[in-house]
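Work through the exercises below with the sequence and the model open. Each task is followed by a solution in steps.

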Amino acid sequence: EAKHQGKGRFRVYTCAMDQRGAEQARVAADLRTALDTGQLHLVYQPIVDITDGSLHGVEALVRWDHPERGPVPPAEFIPAAERTGLIVPLGGWILAEACAQAVRWQRRLGAAAPETVSVNVSARQLREAGFADDVAAVLHRTGLPARHLTVEVTETAVFDGGAAVDALRALKDLGVAVALDDFGTGHSSLGLLRTCPVDLLKVDKSFVDTVTHGGEHAVIAAALIDISNGLHLRAVAEGVETAEQAAELRRLGYRYAQGYHYARPLPPDAVTALQTPAPAAA
Ligand code: C2E
Ligand code: MG
Ligand code: MG
Ligand code: MG
C-alpha cells in the first residue's frame, strides 16, 4: 500500500505500476508545496514567422526549480500532476500567469508584443466542468483580450469527443484560438480536423527532424501543410533545430515555426529583447 512505498523492504514485492503510482504521488505532494511556495515559473519560447523572421507569438512552458533536486523536467512532473488531479490548480496558475505576462508585454512593447501567448492545457483540465468559464474569468481579471490567447491540446485529449470538444467550442466562442499540439503522434484522425473546433496544427518535431532527409522522410511534413492550407488552419512546425530544416520548411510553405534554431524557451524579459528580431537564417 501507498504508506509502505517508502520502505525499502516492501518495494521488492511491489509491482512496477504501484511503484510508479507511489512515485507520482510523492512528486505531486512536492509539487503542491512548489505551487504554494513559488518554486514554479514560466518560460516562453518564441513562435517565429519564418517568412520574415518576426516574432509571432510565444508558448508558455512551466519550470520547476526544486530546492534539493534542482530543475525537474515537465515530462516528469506534468504526468504526475495529471494522475493526481493537481494539474487543475497548477494549470489554473499557469494560465493566469501567462495571461498576466501577455498584458505586461503589451503595456511595455505595444505593437511589438507577442501577438499570441499559447498555453498547454491537459485533458484533465479540459474535462473539468466550467473550464471555459474559468478561462473567461482569467481573461477578464488580467485584462487580456481573448484573441491573444491560444490553448494547446493534444489530439488524444479530444479524440473521443464529449466534454473536451464542448470545452473547445466554448473557448472558441470566447474568441480563444485552439491548437492541436504534437500533431501526428497521438490518436490521429484527420476527421478530427473537421469535427473539432481547431485553428492551428502544431506539426510534431518528429516530422521536422527528418524533413531534410529527402524522399519519403519529408512526405508527412509536406502533406500536413497542404491539409492545413486546404482547411484554412495555421500550421506551426515544432522543434526546428537547424537552418537546413528551416529552409526546407519555408520551401514547403510553412509560415510559422518554433525551435532551438530560433530561440530556446526564455524568461519574460528576454522575450522583450526580441522585439527587433534578426532575420531568419537561410
Ligand atoms: P510541448 O507542449 O510539445 O512543448 C514543446 C517542448 O519541446 C518543450 O519542452 C520545449 O522546450 C521543447 N523544444 C522546443 N524546441 C525544441 C527543439 O528545437 N529541440 C528540442 N529537442 N526540444 C525543443 P518542455 O518545456 O520540456 O515541455 C515538454 C512538454 O511538457 C510539453 O510539450 C508539454 O506537453 C508539457 N508541458 C510543459 N509546460 C506545460 C504546462 O504549462 N502545462 C501543461 N499541461 N503541460 C506542459
Ligand atoms: Mg505545447
Ligand atoms: Mg508541442
Ligand atoms: Mg511536444
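**Exercise 1: the magnesium ion (ligand 3)**

In this predicted model, the magnesium ion (ligand 3) is held by Asp181 (OD), Asp182 (OD) and Glu238 (OE), at 1.8 to 2.6 Å.

Task: Determine how the donor residues of the magnesium ion (ligand 3) are spaced in sequence, and which parts of the chain Asp181 and Glu238 link.

Solution.
Step 1. Written as a pattern, the donor spacing is D-D-x55-E.
Step 2. Asp181 sits in strand E6, while Glu238 belongs to the loop between strand E8 (234-237) and helix H12 (243-252). The two are 57 residues apart, and the pair links distant parts of the chain.
Step 3. Glu238 has 10% relative accessibility and therefore counts as buried, the cut-off being under 20%. Asp181, at 8%, also counts as buried.

**Exercise 2: the magnesium ion (ligand 2)**

Task: List the donors of the magnesium ion (ligand 2) and find which residue coordinates both this ion and the magnesium ion (ligand 3).

Solution.
Step 1. Glu59 (OE), Asn120 (OD1), Glu152 (OE) and Asp181 (OD) coordinate the magnesium ion (ligand 2), at 2.0 to 2.2 Å.
Step 2. Their spacing in sequence reads E-x60-N-x31-E-x28-D.
Step 3. Asn120 is part of strand E4 (residues 116-120) and Asp181 of strand E6 (residues 177-183), so this pair ties together parts 61 residues apart in sequence.
Step 4. Asp181 coordinates both ions, which are 3.6 Å apart.
Step 5. With a relative accessible area of 28%, Asn120 is partly exposed.

**Exercise 3: the surroundings of Glu152**

Task: Is Glu152 buried or exposed, and which side chain does its own side chain meet in a polar contact?

Solution.
Step 1. Glu152 is located in strand E5 (residues 149-154).
Step 2. Its relative accessibility is 2%, so Glu152 counts as buried.
Step 3. The side chains of Glu152 and Lys202 form a polar contact of 2.7 Å.
Step 4. Beyond four places in sequence, the contacts of Glu152 include Ser118, Val119, Val121 and Ala179. Glu59, Asn120 and Asp181 are also among them, and these three are donors to the magnesium ion (ligand 2) as well.

**Exercise 4: packing of H4 and H6**

Task: Describe how helix H4 (residues 87-109) and helix H6 (residues 131-142) pack, using the angle and distance of their axes.

Solution.
Step 1. The axes come within 9 Å and cross at roughly 35 degrees.
Step 2. The crossing of H4 with H6 is right-handed.
Step 3. From H4, Leu95, Ala96, Cys99, Ala100 and Val103 meet Val135, Val138, Leu139, Arg141 and Thr142 of H6.
Step 4. By class, the residues of this contact are eight nonpolar, one polar and one charged.

Note on methods. Residues are numbered from 1 along each chain as its sequence is written. Chains are lettered from A and ligands numbered from 1 in the order in which they are written. This is a predicted model: local features need pLDDT of at least 70, side-chain atom pairs count only at pLDDT 80 or more; totals for chains, interfaces and linings use all residues. Side-chain values use heavy atoms; hydrogens and water are left out. Helices (H or I, at least four residues) and strands (E, at least two) are DSSP runs, numbered from the N terminus. Buried means under 20% relative accessible area, exposed over 50%, partly exposed in between (1.4 Å probe, protein chains only). A polar contact is a pair of N or O atoms within 3.5 Å; within protein, one must be able to donate a hydrogen and the other to accept it, and residues adjacent in sequence count only if both atoms are side-chain atoms. Contact means heavy atoms within 4.5 Å. Axes are lines fitted to C-alpha atoms, for helices over the stretch in contact, and angles run from 0 to 180 degrees between N-to-C directions. A crossing is left-handed if the near helix is turned anticlockwise from the far one by less than a right angle, and right-handed if clockwise. Ala, Val, Leu, Ile, Met, Phe, Trp, Tyr, Cys and Pro count as nonpolar, Asp, Glu, Lys and Arg as charged, and the others, Gly among them, as polar. Donors are N, O and S atoms within 2.8 Å of the metal (3.2 Å for Na, K and Ca); water is not among the atoms, so sites may look incomplete.
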